[in-house]
Number of protein chains: 4
Amino acid sequence: MSTRPVLGIGVVGFGWMGQAHSRSAARIASLFPERVFDTALVVCGDNVAERREQAVSGVGFREAVEDWRAVVDHPDVDVVYVTAPNMMHEEIAIAAAEAGKAVFCEKPVGGTPDQTVRIEAAARRAGVITGVGYNYRWAPLVQHAKALIESGRLGEITNYRGRFFSMYGADPMGLLSWRFLVDEAGYGVSSDILSHAVDLAHMLLGPITEVSGTRETFIRERPLPKAGGTHYDRGQPGDPTGEVTNEDYAAAMVRFANGARGTFESSRAIIGPESQMAFDVYGTKGALRWNLETMNEMQVFLVDDDGRAPRGYTTVYAGDRYPYHGHFVPGDANAIGYEDLKVIENYEFLTAVATGEQHRPGFSEAVDYVSFQSAWLRSCESGAWETVNSIRQD
Amino acid sequence: MSTRPVLGIGVVGFGWMGQAHSRSAARIASLFPERVFDTALVVCGDNVAERREQAVSGVGFREAVEDWRAVVDHPDVDVVYVTAPNMMHEEIAIAAAEAGKAVFCEKPVGGTPDQTVRIEAAARRAGVITGVGYNYRWAPLVQHAKALIESGRLGEITNYRGRFFSMYGADPMGLLSWRFLVDEAGYGVSSDILSHAVDLAHMLLGPITEVSGTRETFIRERPLPKAGGTHYDRGQPGDPTGEVTNEDYAAAMVRFANGARGTFESSRAIIGPESQMAFDVYGTKGALRWNLETMNEMQVFLVDDDGRAPRGYTTVYAGDRYPYHGHFVPGDANAIGYEDLKVIENYEFLTAVATGEQHRPGFSEAVDYVSFQSAWLRSCESGAWETVNSIRQD
Amino acid sequence: MSTRPVLGIGVVGFGWMGQAHSRSAARIASLFPERVFDTALVVCGDNVAERREQAVSGVGFREAVEDWRAVVDHPDVDVVYVTAPNMMHEEIAIAAAEAGKAVFCEKPVGGTPDQTVRIEAAARRAGVITGVGYNYRWAPLVQHAKALIESGRLGEITNYRGRFFSMYGADPMGLLSWRFLVDEAGYGVSSDILSHAVDLAHMLLGPITEVSGTRETFIRERPLPKAGGTHYDRGQPGDPTGEVTNEDYAAAMVRFANGARGTFESSRAIIGPESQMAFDVYGTKGALRWNLETMNEMQVFLVDDDGRAPRGYTTVYAGDRYPYHGHFVPGDANAIGYEDLKVIENYEFLTAVATGEQHRPGFSEAVDYVSFQSAWLRSCESGAWETVNSIRQD
Amino acid sequence: MSTRPVLGIGVVGFGWMGQAHSRSAARIASLFPERVFDTALVVCGDNVAERREQAVSGVGFREAVEDWRAVVDHPDVDVVYVTAPNMMHEEIAIAAAEAGKAVFCEKPVGGTPDQTVRIEAAARRAGVITGVGYNYRWAPLVQHAKALIESGRLGEITNYRGRFFSMYGADPMGLLSWRFLVDEAGYGVSSDILSHAVDLAHMLLGPITEVSGTRETFIRERPLPKAGGTHYDRGQPGDPTGEVTNEDYAAAMVRFANGARGTFESSRAIIGPESQMAFDVYGTKGALRWNLETMNEMQVFLVDDDGRAPRGYTTVYAGDRYPYHGHFVPGDANAIGYEDLKVIENYEFLTAVATGEQHRPGFSEAVDYVSFQSAWLRSCESGAWETVNSIRQD
């Protein structure tokens, strides 16, 4: 008979991310016997009827509702996942925090940097545990990278290369969906995907102090969407077009507080890389390379003190020697997948909720990112190096 | 309100495989909205108390019992998973089939080829749906490979290379566990891992008609186990040793019914490959290479009719363009994992149960493998080519 | 009986580069039957006796002398290779040009940007053919990349990533050789290796118009050299040290005249990359990746108009389908090497000399690089974007 | 003034191989200052006028003749390279040996195994130094592999995988050239390319004692050639065809004298591999993988005694740390090429000639291969394992 506390889960927005978190929360018990909590899928809010049906009959929620307030206010809900469109995050997340719920937001927390700052401040004032979906932190080999860096095996870190390249906006005939409009999506790749790349750098190397940035929109006009079209749908030559109002491409040079140098790049209008969320980190004693496209591998180069090992990068496969991996599959070189990362993320977040310790990455780490992003935006305007200052509200 | 039939699941043996199947059956509803059944985890049988506790409180079984017969006989159980030690499979699987349950056995179905044959015959006589855990068939890119071959994109298949190399028996100080003893495990790598490699070839190319085989035991003595030790535990120099009585290494040259040639190799006492379950297939118009260690990638070489494409192998990343993948994660180059393969396997098996159509791979495909294995064993003895004849019981 | 004109070769400085050019000039006749010239190794100048001995008895020079002026003034010399230390280039190269000889300088032509500018102006005034050792241009697959880009197969180029990472200064105990001193070597990686990376971008994409740059010296003190020590020799802890006075690391963000964006990075104090002179180029229809460490391979990703090809990067091996390759070895996937690139470079340069057409890359392209470098240096100081203006002397 | 003896070089057959050896002999002096000989290109024999012209004006032979006997009998010739068509080797090589010349034959020495045996016996009786063109032995990383194996770093060798796959016969419309006819070429891939793969195994692991073999001809009819056509030229559908009379494909399972097991495979009618001459070698402490297609790389997996290194294959790039490499280019990860391997081969062969010590691989190693091939052919007929006995003539 389990005596673990049961955390009631409420989800607002049952698109991909809402479903992924719900499915993941349900898997924790079977994969983490050592957990200190159990979960109950209490209520799911979405305004699409089929999604509500799937939430109950497929994923196992007790109930599903149209109005998000019924989720936030539900007495059995301890934790609210905010996985609605970005521009709705502020209202929902703040309401959830003020209702005393732990809150998990998909990145970028707020639809704009300012919204993120306000959400973080509200949650901090409410004293609730928060989480943000920088889920790539949880890949076992990324955790291993962090451990190698912290242990000093790489020596002093000299330079870092972070990038996130995705093809989702590469087709010039792809429709002008909400993602390409600053009023609906906020900034472009700097909010959408560069944030993941910078968050990993924050985790691995610590704060960035200065940045020089630039941005570009490669595809400046796109066919206007018809009813229901997304950026995966294509227009025809001759269709009426509209202007893309946020950036396709972002680049930056940075200095880290620890003295390391770095560069970042991100594009959504690129051909070739399909989901290249990747880092290269170099230190005085070694180097690491990791790429989400091959997330169960890492390239490791370590100076060998005694000179016995041949020199070169070693391809390390994920396996149960690395953090979390053995919960999913024993042995070596058997893959885990994207959904499994979501389980780890939720296991750690809900453990924090159950134990009352603040989770990382939480809203504070989201503010770290938008603080960087704000300096980067200033630099894009000024053409000069800008200091990264926290824009957290006191 | 779902009107899908509910399939009651019973599991015998709650080690890794028993747990993996149970967890996977529980995930189907949230990942496959189009399913024609629902599942209920009815009863789990295992003689270890902690496992029974985890089955109920972790994985969600209604109950857990010590005696496997209570699983097989349970009136609410429609499907029995036989994931107990191999030498127990025959008794359990036949009892389950005779009780009219659908039966899923982890490979190699029987502890010996003869047992496999008897199990298959009993299930056939009982008229029940069967399944066998050749789970690598279900990798989206393996399914894509099958489609490419069947569509003729590779032309006539000329030659095939299958292998399964694993390091689990590579350490000469690893203890003499049951895996190394013919009386406890049956044959060595030919039952344990070569079977996967040959099963994939059966799926991709069809039947093998002739084989020339050889085998070897590289590490002929191992330290005797103390209480509880497995082959992952190490002895000390000077410890008493015993004889390894099944093979570390298997090799074969074959002819397929379609005229193609092939070679197979398997070793458990190898350094380097960690879980190299891999195939290379060559045809008159193209080639494919796939390796479980990088299961979300495939190397594809296709002759380009118009000569416009550069020549070379293309590294294709798994993504939602390929079978099943999009049920787990949308887009390109996001990984799925081992546990996800188990979900696909169970989705397909349970769909067969729900619809009453025989599943493949079922016990019949397991007999296909032991028919091959029997010819291979004869060839290892005779040194000559042997014809592969089905050893299925009439 | 050959009626080709014979070009008399003089070499000043018989270190690695002097030897490599001499050996390469001697190989042209046997590899390029279609050549329009023959070569004669007339005279080699070096102040080291063993090198002079090797020049005559090993490489086949008619004579070897101590004084470089005897090379420049030799009546049978038509072409002078300036492969002496960088700070001597100006005097020698200008003397050679003024003597009416064709002149080939190893990069960076001058020891400083100003010297490069003066050398180029002098050669231009003298009206002689010039060449510079940006030899990576000549790799068959780099030539193929250029052809693919020019043909439009990549569409509009959107962004470019160039880098040159080398481990030669990675060891903090490596001695403070001339390479680390601005007075002896001029600038650090920006002159030594970044120049190659930017030159390739110039060749592939055309001029850079704006740059934002930064630099760093990671290892600021090094053990003082003893007699004869180079940066490959190591000091001991406690040895007296001196200050490194040029940069270990350079980074840049750029805009190209064609609208593309780009980043560059270079380090000599890096662990992992051994000779990673590499580019990634992305366009609206495809992408290419090439790395000197694997110079006989290129990664090619092309959008397939008809959608028949699997999507991913194709690994293309060099072979006789690509420029020059078949002169060295027929067929596919047989490697050529570094020395072979030098043969191609000299074949093209000497063809230009024989036909009287200006060679590219010549001193003009070297000025293109130092024009970029000058803007980059200004940006490193100002922290702002700087316009790249030609610093060529009128 | 050099006091080295001058070895007079004569070449019979000035196709690719004749040219490659001549060019390579001419490069030795400039690349190997430590050599104990010099070379003179004395006379080249070929019946094609343009080739004779290129031999003199391009490569630098003193003279070129039509009749091969004028090469063999030339008083200034010390060394004869036999690079004429295979079926002419016997007459030429025996004449050269009987004239007291050192003899280098391109593989497979004789046009048939019997011819190879007779040539070896004649050369042995004549007491001359011999060489055979198993040039892949000389790749620096292959030499390093040999050193690692001999040093025991891989432990006891357990199994080996050798292969040579080439696309040259993959096109069913490729003409029926001499290569496909047993009367003109001798055996197919077993003579042409499998020999390289087995020779490397002989060098790395030592003798093979037993073999089980099989062969196949995948493309049994080909268009008849018109005047001058080779297998690179294509016929048209409807053209008259003829029968292919030697094998496209060869496979073998073997036992080595040292107890290791192995498999070999070779095909000329394969799509995908372009020049995949490759080996994987596995021992109780490590593994190596090498492939000619990427000859400047090797994959190395070594068990780390102290467990400090991450586990996986390390990609080692060739560089001046490995045998011979630094003669061509200093530093790390700069490539050498096919022509450079020929220089190493000739440097070693001519050193043997100059010092009077027998060279390896010489005709004796060629007999080792045909001894294996003869057993393999017997096994292809018998379907049984056959013992490999030396077929050397006493």
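In this predicted model, 6 bridges join β13(C) to strand β14 (residues 286–291) of chain C, and the two run antiparallel. They form a hairpin with 2 residues between them. Chain A folds into two assigned domains. A rotation of 180 degrees superposes chain A on chain B, and a rotation of 180 degrees also superposes chain A on chain D.

- Strand β13 spans residues 275–283 of chain C, and 9 of its 9 residues are buried, so the rest of the structure largely encloses it.
- In a regular strand, side chains alternate between the two faces of the sheet.
- Both faces of β13(C) are covered. On one side, S275(C), M277(C), F279(C), V281(C) and G283(C) are buried. On the other, Q276(C), A278(C), D280(C) and Y282(C) are buried too.

**The parallel sheet of chain A**

- An open sheet of 6 strands in chain A has the order β3-β2-β1-β4-β5-β6. The pairing is parallel.
- The edge strands are β3 (63–65) and β6 (130–132) of chain A, each of which pairs on one side only.
- Neighbouring strands of this sheet are turned by 20 degrees against each other on average, direction ignored.
- β1 (residues 6–12) and β4 (residues 79–82) of chain A pair in the parallel sense over 4 bridges.
- I9(A) has V79(A) in β4(A) as its bridge partner.
- Helix α10 (residues 338–355) of chain A lies across β1, β2 (38–45), β4, β5 (102–105) and β6 of chain A. The helix runs at about 125 degrees to β1(A).

**The two domains of chain A**

- The assignment gives domain 1 as 6–136 and domain 2 as 140–294 + 296–336 + 362–380.
- Their centres, taken over C-alpha atoms, are separated by 25 Å.
- Their contact takes 20 residues from domain 1 and 22 residues from domain 2 of chain A.
- On the domain 1 side, α5 (113–126) and β6 of chain A each supply at least two residues.
- α5(A) gives the most to that side, with 6 residues.
- By class, the domain 1 side divides into 12 nonpolar, 6 polar and 2 charged residues.

**Chain A with chain B**

- The rotation that superposes chain A on chain B is 180 degrees, with 0.0 Å of shift along its axis and an RMSD of 0.0 Å. This is the relation of a two-fold axis.
- G337(A) comes closest to the rotation axis of the residues of chain A, at 2.0 Å (C-alpha).
- The same surface serves both copies, as 100% of the contact residues of chain A recur in chain B.
- The contact takes 33 residues from chain A and 33 residues from chain B.
- α1 (16–31), α2 (49–59) and α10 of chain A each supply at least two residues of the chain A side.
- The largest share of that side, 6 residues, comes from α1(A).
- The chain A side has 15 nonpolar, 11 polar and 7 charged residues.

**Chain A with chain D**

- A rotation of 180 degrees with 0.0 Å of shift along its axis takes chain A onto chain D, with an RMSD of 0.0 Å.
- Of the residues of chain A, T314(A) comes closest to this axis, at 1.9 Å (C-alpha).
- Again the same surface serves both copies, and 100% of the contact residues of chain A recur in chain D.
- This contact takes 11 residues from chain A and 11 residues from chain D.
- β15 (297–302) and β16 (313–317) of chain A are the elements that give two or more residues to the chain A side.
- β16(A) supplies the largest share of that side, 5 residues.
- By class, the chain A side has 7 nonpolar, 3 polar and 1 charged residues.
- Strand pairing crosses between the chains: 3 bridges join β16(A) to strand β16 (residues 313–317) of chain D, and the two run antiparallel.
- Y313(A) stands opposite T315(D) in β16(D).

Technical notes:
Residues are numbered from 1 along each chain as its sequence is written. Chains are lettered from A and ligands numbered from 1 in the order in which they are written. This is a predicted model: local features need pLDDT of at least 70, side-chain atom pairs count only at pLDDT 80 or more; totals for chains, interfaces and linings use all residues. Two strands pair if DSSP finds at least two bridges between them. Axes are lines fitted to C-alpha atoms, for helices over the stretch in contact, and angles run from 0 to 180 degrees between N-to-C directions. Two residues are in contact if their C-beta atoms, placed from the backbone, lie within 7 Å. Copies are superposed by least squares on the C-alpha atoms of residues with pLDDT of at least 70 in both. Ala, Val, Leu, Ile, Met, Phe, Trp, Tyr, Cys and Pro count as nonpolar, Asp, Glu, Lys and Arg as charged, and the others, Gly among them, as polar. A residue is buried if 20 or more other C-beta atoms lie within 10 Å of its own, exposed if 12 or fewer, and partly exposed in between; C-beta atoms are placed from the backbone. Domain bounds come from an automatic or database domain assignment.
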